[in-house]
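Please read the following report alongside the sequence and the coordinates. It starts from a single residue and widens to the whole chain.

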Amino acid sequence: GEVSSLALGTVLKATEVFKPGDVVKVTGVSKGKGFAGGVQRYHFKGGPRTHGQSDRERAPGSIGQTTTPGRVYKGKRMAGRMGHNTKTVSNLQIVSVTDENLMIKGLVPGAINSYVKIEKTTEAKKFVPLFEDKKEEQAAVEEPKEENVQTEQVQEVAAEASEKVEAVSEEKPEGKESADAKAMADKEEDAGK
């Protein structure tokens with residue numbers, strides 16, 4: 001929609017579209033590697049280097065099954081031409097933007113001086129940063145305070161409970177004293193009889 005509204009010959013500046021911190025994806029044509037073997041192209045392990053296997057070190061090995069299916073599936077990983085493909089690298093971050101230069105942190109596909117397409121995305125980064133933001137640090141500092149508040153509340157409740165216990169214990173001795181006094185009076189009466 002935005003592109004169709006632009007007049008022919010309008011010059012767009014990178015600073016109008018991008019700003020530092022934006023997450024982008026970059027599409028380009030990867031460097032051609034020519035005809036490559038299975039070890040380089042698909043990370044095949046190759047054969048053993050010992051036990052008389054002088055010519056099997058980087059060979060692909062067997063490529064199919066038996067009578068069923070009796071053929072080799074299309075797309076089988078083998079030696080062949082490698083590279084020179086359209087590749088997109090996501091989750092790259094813009095570091096700085098000027099009218100002449102766009103600095104991107106990360107790997108960008110293609111050879112030097114080749115064309116690339118840069119698109120803004122809203123994808124979240126899939127890796128965990130090695131540093132913590134100041135906000136997170138503040139949150140970490142605030143958490144113990146909340147715990148302290150809880151402990152203070154617990155202390156208040158405990159203090160109230162201990163006051164009640166003291167009140168009850170104060171009442172009990174009075175009851176005991178009155179019971180003891182009655183017992184003493186009964187004994188005196190018995191002794192008087």
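## Asn91 in its strand

Asn91 has a relative accessible area of 11% and therefore counts as buried; buried means under 20% relative accessible area, exposed over 50%, and partly exposed in between, computed with a 1.4 Å probe and protein chains only. Asn91 belongs to strand S4. Its phi is near 60°, which is positive although the residue is not glycine. Most residues other than glycine have a negative phi, and most peptide bonds are trans.

This is a predicted model, in which local features need pLDDT of at least 70 and side-chain atom pairs count only at pLDDT 80 or more, while totals for chains, interfaces and linings use all residues. Residues are numbered from 1 along each chain as its sequence is written, and side-chain values use heavy atoms, with hydrogens and water left out.

## Elements and overall figures

The protein contains three helices and six strands. Helices (H or I, at least four residues) and strands (E, at least two) are DSSP runs, numbered from the N terminus. Read from the N terminus, the order of elements is α-β-β-α-β-β-β-β-α.

Of the 193 residues in the protein, 11% are buried. Among contacts with a separation of 6 or more, 72% join residues 24 or more positions apart, where contact means heavy atoms within 4.5 Å.

## The four-stranded sheet

Four strands form an open sheet in the order S5-S4-S1-S6, with antiparallel pairing. Two strands pair if DSSP finds at least two bridges between them. S5 and S6 (116-120) are the edge strands, each pairing on one side only. From one strand to the next the twist averages 45°; axes are lines fitted to C-alpha atoms, for helices over the stretch in contact, and angles run from 0 to 180 degrees between N-to-C directions.

On one side of the sheet order, S4 and S5 (residues 102-105) are antiparallel and share four bridges. These two strands form a hairpin with four residues between them, and Val97 stands opposite Leu102 in S5. S1 and S6 are also antiparallel, with five bridges; here Lys25 has Glu119 in S6 as its bridge partner.

## The nonpolar core

Which residues make up the largest nonpolar core? The seven are Phe18, Val24, Val26, Leu92, Ile94, Val97 and Ile104. Such a core is a set of buried Ala, Val, Leu, Ile, Met, Phe, Trp, Tyr and Cys residues joined through side-chain atoms within 4.5 Å. Strand S1 (23-29) and strand S4 (86-97) are the elements that give two or more residues to this core, and S4 gives the most, with three.

Val24 is in contact with several residues beyond its neighbours within four places in sequence, including Phe18, Leu92, Ile94 and Ile104. Its contacts also include Asn91, Glu119 and Thr121.

Val17 lies in helix H1 (residues 14-17). Val17 counts as partly exposed because its relative accessibility is 37%. Apart from neighbours within four places in sequence, Val17 is in contact with Asp22 and Lys120. Val17 and Glu119 are 102 residues apart in sequence, and their C-alpha atoms are 9.9 Å apart in space.

Thr121 sits in the loop between S6 and helix H3 (134-192). Is Thr121 buried or exposed? With a relative accessible area of 18%, Thr121 is buried. Not counting residues up to four places away in sequence, Thr121 touches Val23, Val24 and Lys25.

## The loop between H2 and S3

Two backbone features occur in this loop. His51 is located between H2 and S3 and has a positive phi of about 60° although it is not a glycine. At a relative accessible area of 74%, His51 is exposed.

Pro69 is in the loop between helix H2 (38-42) and strand S3 (80-83). The peptide bond that joins Thr68 and Pro69 is cis, with omega about 5°.
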